[in-house]
Amino acid sequence: MKTRVAIIGGGASGLMAAIVAAKNNADVTIYEKSNRVGKKILATGNGRCNYTNINTSVNNYHGKNVDIINDVLDIFSVQNTLDFFEDIGIYPYFDESGKVYPYSLQASSVLDNLRLEAVKHNVKELTECNIRNLRKSKGQFDIITDDKIYNADKIIICTGGRAGSQFGCSGDGYKMADSLGHKTVTTFPALVQLKLESVFLKKISGVRYEGAVTSFVNSKVIRKEDGEILFTDYGISGPPVLQLSRETIEKLNTGQKVYLQVDSFPNLSKNELFELLKERFIKLKDRSLADTLIGLLNKKLIPVVLSEALNNYKDLTYSKLNKKQIYSIVNILKEWKFRVIGHNGWNQAQTTAGGVSLENIDINTFESKKVKGLYFAGEILDIDGDCGGFNLQFAWSSGYIAGYNASK
Ligand SMILES: Cc1cc2nc3c(=O)[nH]c(=O)nc-3n(C[C@H](O)[C@H](O)[C@H](O)COP(=O)(O)OP(=O)(O)OC[C@H]3O[C@@H](n4cnc5c(N)ncnc54)[C@H](O)[C@@H]3O)c2cc1C
């Protein structure tokens, strides 16, 4: 008789686990809460699905037992991921930073190919099937919904975390894990926009440009990132902000005062920017101070930067400006400081920091050390990656390992 493997949650890790287990001759059923599997995959990478990154290493991950990533990638590497996806129909597109997308640049092609492969191997899908709890009795598992109990020999919990709650992720898997005796490391949103304290935000909302962002506590740098930043009416967004949000929120959660510093000219030193501004002020000396900055700064930014830097800037022209005042403008442009007061929450977060503790999991198989026949994969575990394809890579690797071992 075939081993009956139940996959709880048909997201990235669940689909991978299902295909691998079914290929290995298991009788596989995916139990999915939403009306279709893989909804979140469609939203990944801005609809293009950045499904891995050729520069993946342990340095791109976080969690209490982050070192396990080395072993996980030894078992199912980025190259294995590229090969797996090429085999099922995804031709890769590599961007200059190492991110990998399907050549079609459509996340739907990743999901379509995963589903076609699942169908080929007779994976069954039960959608709109909200699993309430799991129980082990008499050598098999009960899979409990509101009105039915299903059975399986092995279970893989792939319910994701709490991030992207609009895609069906609301932390259900933690309750299942808890009821079967597993510890969870406190969760919080990661890869999410940050809320800032500033009276200027409404005025500069929508301003975007290439800059650098540093978060720090008590003058100690937490993390620095550069790239396109976007001011919004609640705070700040953009890839560098998402990238440093995890460490920033972790500190915020300890009650410490956390600040963000925005460098609007990361390629110029303070002295170089001083010289650039001075030359500009001299060349355009007949203009008001604000008008001299048109073409250098976004127009929405000009009055805000000048009023942050100077008293009564409207009365000033270059001829009345001293060196200290020019340096005040330089300081705002190079080290604009904002207090971080929060984040945009689970709905907007791209991943979950924390999760089911890896201390209870055998990393070679992803089987629980507490309950034989029970496996975990994906974001539900206490591992989260940076932006750039690393979270999906972990979902594929852990899904592969759990699916392969559950099928035995
Ligand atoms: C907007 C957005 C963009 C992203 N872009 C990228 C990207 O480009 N690259 C990258 O690497 N990562 C990206 N991520 C992160 C990545 O999508 C996730 O880390 C990854 O999907 C996690 O896979 P998973 O299988 O663990 O969980 P998920 O893919 O979240 O799947 C979990 C599934 O379980 C189901 N489920 C939950 N509870 C139950 C229940 N009680 N019963 C039955 N089913 C249940 C859910 O409906 C869902 O389908 C993005 C995330 C978001 C939100």
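An axis here is a line fitted to C-alpha atoms, for a helix over the stretch in contact, and angles between N-to-C directions run from 0 to 180 degrees. All views show a predicted model.

**Figure 1. Close-up of helices H11 and H12 where their axes cross.** H11 spans residues 301-309 and H12 spans residues 323-335. The two axes come within 8 Å and cross at roughly 120°. H11 is therefore oblique to H12. Angles of 65 to 115 degrees would count as roughly perpendicular, and those over 145 as roughly antiparallel. In handedness, the crossing of H11 past H12 is right-handed.

**Figure 2. Close-up of helix H9 packed with H12.** H9 is formed by residues 270-283. Its axis lies 9 Å from that of H12, and the packing angle is about 120°. This angle makes H9 oblique to H12. H9 passes H12 in a right-handed crossing.

**Figure 3. Close-up of the shell of residues around the ligand.** The ligand is surrounded by 33 residues, and Ser13, Glu32, Asp172, Glu379 and Leu392 are the closest. By class, the shell holds 15 polar, 13 nonpolar and five charged residues. At least two shell residues come from each of helices H1 (12-23), H2 (39-43), H6 (172-179) and H13 (390-406). The largest share is that of H13, with four residues.

Figure 4. For Gly389, the distance between a polar backbone atom and a ligand oxygen atom is 3.4 Å. On its own the ligand has 1000 Å² of accessible area, of which the protein covers 94%.

Definitions and conventions
Residues are numbered from 1 along each chain as its sequence is written. This is a predicted model: local features need pLDDT of at least 70, side-chain atom pairs count only at pLDDT 80 or more; totals for chains, interfaces and linings use all residues. Side-chain values use heavy atoms; hydrogens and water are left out. A residue is near a molecule or strand if one of its heavy atoms lies within 4 Å of it. A polar contact is a pair of N or O atoms within 3.5 Å; within protein, one must be able to donate a hydrogen and the other to accept it, and residues adjacent in sequence count only if both atoms are side-chain atoms. Accessible areas come from the Shrake-Rupley method with a 1.4 Å probe; for residues, only the protein chains shown count as cover. Ala, Val, Leu, Ile, Met, Phe, Trp, Tyr, Cys and Pro count as nonpolar, Asp, Glu, Lys and Arg as charged, and the others, Gly among them, as polar. Angles under 35 degrees count as roughly parallel, over 145 as roughly antiparallel, 65 to 115 as roughly perpendicular and the rest as oblique. A crossing is left-handed if the near helix is turned anticlockwise from the far one by less than a right angle, and right-handed if clockwise.
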